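Notebook open, one model to go through. I'll jot things down as I look them up.

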Amino acid sequence: MPKAYEAITDDLGPPRTRAVRDNRRHQWEKDRARRPSAERAATGATEHDTGVETRDLVFHAKYREVRAPKAVADAFSVPVGTVLLERTFRTRCAAETAPFSLITSYLVRDMIAANPDLLDDSKEPWPGGTQNQLRTVGIEVDRIEERVTARPPTPAEARQLELPADTSVLLLRKTSYDIHDCVVDLTEITLPGDRTELLFTAFLERW
């Protein structure tokens, strides 16, 4: 977890909370997915990345069913038009007005329908996040791939993230695979370039 809650100030706006997204978070999330409910509820991925306490966060989630367009269907290896659960998440510091990121996640509905709670956004925030949700229907995540690109924001993104002029966004596409090598979650995250740090740590096996 980052050493401490940190806000940054620039000449173009109010203080902003900085987030550090470390790839070691995925193992932390997997380990946490099997913890008791009370322990899972005590903290989450946003707290992990920012150092902000749960009580100082404002969280919003919205679910809806959509038909898979070709790009998403290809990622899941399902037919175009397959019913997906589209989930959008927005989390911000209570003292700020802009979210840390814009998150859209896709799950194949039939893959998770055995647990009706997974289709209900009123159950959010879910203790233990997506890995625990998938665990409730017998799915274990084996690996996660993340691809990052950058571009200028759309007007809507700039407005929602309250970006300073000439600030780029980072586009992170996160693909989760289960132990059978099937894609079980596809998440697209738009991160503000002025207050996001991506940290990659590689552990090397000893000779």
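What share of the contacts in the protein chain with a separation of 6 or more comes from residues 24 or more positions apart? I get 61%, with contact meaning heavy atoms within 4.5 Å.

Ground rules before going on. This is a predicted model, where local features need pLDDT of at least 70, side-chain atom pairs count only at pLDDT 80 or more, and totals for chains, interfaces and linings use all residues. Residues are numbered from 1 along each chain as its sequence is written, and side-chain values use heavy atoms, with hydrogens and water left out.

Overall size next. The C-alpha trace spans about 50 × 45 × 40 Å along its principal axes.

Then secondary structure. I find seven helices and ten strands, taken as DSSP runs (H or I, at least four residues, for helices; E, at least two, for strands) numbered from the N terminus.

Six of its seven residues are buried, so the rest of the structure largely encloses β6. Strands count as paired if DSSP finds at least two bridges between them. β6 runs antiparallel to strand β5 (residues 83–93) over six bridges, and Y106 in β6 is the bridge partner of E86. Strand β9 (residues 183–192) is also antiparallel to β6, through five bridges; there, T104 stands opposite E188 of β9.

Key
Buried means under 20% relative accessible area, exposed over 50%, partly exposed in between (1.4 Å probe, protein chains only).
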